[in-house]
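These notebook entries record what I looked up in one protein structure, entry by entry.

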Amino acid sequence: MWRDGGKLYWARKEESVKVEGIVVIFAWVSIQETHLKEFVDLYSSIGWNSLVCHAGFLNAATSLAFVALKELVEELRNRPCPIVFAAFSGGPKACMYKVFQIIEGSCEAHLHADDNLLVRNCISGYIYDSSPVDFTSDFGVRFCLPSTILKMPGSTKLVSWLTKGVAAGLDALYLTRFESQRTEYWRTLYSSVGLGAPYLILCSKHDDLAPYQTVCNFSYRLQFLGADVKLLKWNNSLHAGHYRQYPTEYKAAVTELLEKATSVHLQKIQHEGERGGVEGTQDEISELICNLQKAAVNSNQSLRRVAIEPSDHFFLPSSVEHQNGRDSGSPSSLDEHKERSVPVPNNPTSISAHSVLGQFLFDVCVPKNIEGWDIKFSGSLNGQPLASARRYSPQHGSKCSRRSRL
C-alpha cells in the first residue's frame, strides 16, 4: 500500500509454514522493486516474513517510519517474534533512522510506552547492504544519475552543469538541508547499539555510491561502542549487487545473522522474565511488611483499649498476704488469701510512685521484714567494715525467728 513518502507492504509466507521472525526492509528509490523481491525471497527461504518500506521522499521519512512501527506493533501483539532491520543503499536516511528516533523518544512522533517496549524487546539484529551512505547533495546526484553518464567522456562543462542542476533540484525537492542533518543522522545510527542486537555489514571496494572507507569506518565505530559486528567485503560487486554476484556467501552470512537474532530474542525474553520475577518478589515482600505493620498497629490499639477500660483490672496478691502465705505454708491459709484489684492507669507509659501499681512494685522489690537475715562483718576496706548477708532457711519444718544484729 502507498503511504505518504513511499510504499509499505507485507511479503508473507504461507500460514501453514512456521515463521521465525520479521525482516523490515528499508530501501530508497535507487533500488527497484524487482531487485527487492530477490531479498524478500531470500528471507522467505530461511523462514522469515518481510515488511518492505520503499521510501520515495526524504521529507516524509517520519510519517513512513511511524506507519511502519504501527504495523509492527499490530503484528507483535498477536505473536512477539524477533525483528531484524535490513537497510539497503540510502534506506537508513530515507526511513530507518527516523524509526530509531521514534523508539528513543527523540522525534515528534511517539508510540505508547507499552508498544515502544514491545518493539524494543523484539529488535534482534541489523543488516546493512551497501549502506550506510554519507548523504550530501553530491551523493544525491550520484543516486539519481546513472554511472554511465557520470563517467561519460564528453564535455566536462556539460557534465558539471548537469550535476549542479540536479543537485539544486534535489535540495528544492526534498526540502532537506543535507549537510546540517549529517550529525543527527550518524548519531542516531550509532545509538542503535543500545538495543543490544548484532550487526551484519556487507560492502564492496568497487562501490561508488557507498564508499568502502565510509562503511568500514561505520563498522569500526560500532565495534568501539561495544556492538557485535561482522563485516563482509568483496572486491568486484556493484552497489547493492553483492547477493547477485556472491549468492552462496551472502546467504550463509544472512542465515548466520538471523539465527543469532533468534538467540538474542530468546535472551531478551528470559531477561524480562527474570526482571519481572524480581519485581514480583519485591512487591510480595513490600506487601508482607505492610501487613505486619498493620497487624502491629492493630495489636497496639487493642492493648491500649484494654488498658483504658475502667472495668478491666489485674488481680494480684498484696505483699502482706504474700508474706503471710510464706509464713504459713498450709493449704488452708492459701485459701484465705484475698485478691486485690489494681486498676491500670490511663497513661501506660508513666507510673507514679504514689499509685497503687507503684506501691505494689515497691512492696515486691523492697522487703519490709528482714528478721530472717543475718548480717556479719567479714573484713574491712580502707578502714570500713564490710558486711555479708546470709539468709537462714527453716530446717525440719521448724520456724526460726532471729533478730538482726544491724
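**Entry 1**

I began with Ser130, which I found in the loop between β6 and α5. The model is a predicted one, and I read every value below with that in mind. Is Ser130 buried or exposed? I noted a relative accessible area of 0% for Ser130, so this residue is buried. Its phi is near 50°, a positive value in a residue other than glycine.

I then looked at Pro132, which is found in the loop between β6 and α5 as well. A cis peptide bond joins Ser131 and Pro132, with omega at about 0°. For background, I wrote down that most residues other than glycine have a negative phi, and that most peptide bonds are trans.

**Entry 2: Another positive phi**

Which loop holds Ser89? I located Ser89 in the loop between β5 (83–88) and α3 (91–104). Its phi is near 55°, which is positive although the residue is not glycine. Ser89 has 1% relative accessibility and therefore counts as buried, the cut-off being under 20%.

**Entry 3: Tyr126 in strand β6**

I next selected Tyr126, which belongs to strand β6 (residues 123–129). Its relative accessibility is 0%, so I recorded Tyr126 as buried. Which residues does Tyr126 touch, leaving out those up to four places away in sequence? I listed Val84, Phe85, Phe100, Ser192, Leu195, Ala197, Pro198, Tyr199, Leu200 and Leu257. I also checked Val23, which is 103 residues from Tyr126 along the chain. The C-alpha atoms of these two residues are separated by 9.2 Å.

**Entry 4: The faces of helix α4**

I turned to helix α4 (residues 113–122) and asked which of its residues are buried. I found Asp115, Asn116, Val119 and Cys122 to be buried. Seen down the axis of α4, the buried residues fall within an arc of 135°, so they line one face of the helix. On the other side of α4, Ala113 and Asp114 are exposed.

**Entry 5: Helix α2 against helix α4**

Before comparing helices, I noted that two packed helices are described by the angle between their axes and the distance between the axes. The axes of α2 (residues 61–78) and α4 cross at roughly 80° and come within 10 Å. Angles of 65 to 115 degrees count as roughly perpendicular, and α2 and α4 are therefore roughly perpendicular to each other. From α2, the contact uses Leu69, Val73, Leu76 and Arg77; from α4, it uses Asp115, Leu118, Val119 and Cys122. I sorted this contact by class and recorded 6 nonpolar, no polar and 2 charged residues.

**Entry 6: Helix α8 against helix α9**

At what angle do α8 and α9 pack? I read an angle of about 45° for α8 (residues 182–191) and α9 (residues 212–224), whose axes are 10 Å apart. Because of that angle, α8 is oblique to α9. The crossing of α8 with α9 is right-handed. Trp186, Leu189 and Tyr190 of α8 meet Thr214, Asn217, Phe218, Arg221 and Leu222 of α9. By class, I recorded 5 nonpolar, 2 polar and 1 charged residues in this contact.

**Entry 7: The whole protein**

Finally, I looked up the totals. The protein has 14 helices and 12 strands. Of its 406 residues, 37% count as buried. Among contacts between residues at least 6 apart in sequence, 79% join residues at least 24 apart.

Technical notes:
Residues numbered from 1 in each chain as written. Predicted model: local features only at pLDDT ≥ 70, side-chain atom pairs only at ≥ 80, totals over all residues. Heavy atoms only, no water. Axes fitted to C-alpha atoms, helices over the stretch in contact; angles between N-to-C directions. Helix = DSSP H or I, 4+ residues; strand = E, 2+ residues; numbered from the N terminus. Parallel < 35°, antiparallel > 145°, perpendicular 65-115°, else oblique. Left-handed = near helix turned anticlockwise from the far one by under 90°. Contact = heavy atoms within 4.5 Å. Nonpolar A, V, L, I, M, F, W, Y, C, P; charged D, E, K, R; others polar. Buried < 20%, exposed > 50% of the residue type's maximum accessible area, 1.4 Å probe, protein only. Arc of directions from axis to C-beta.
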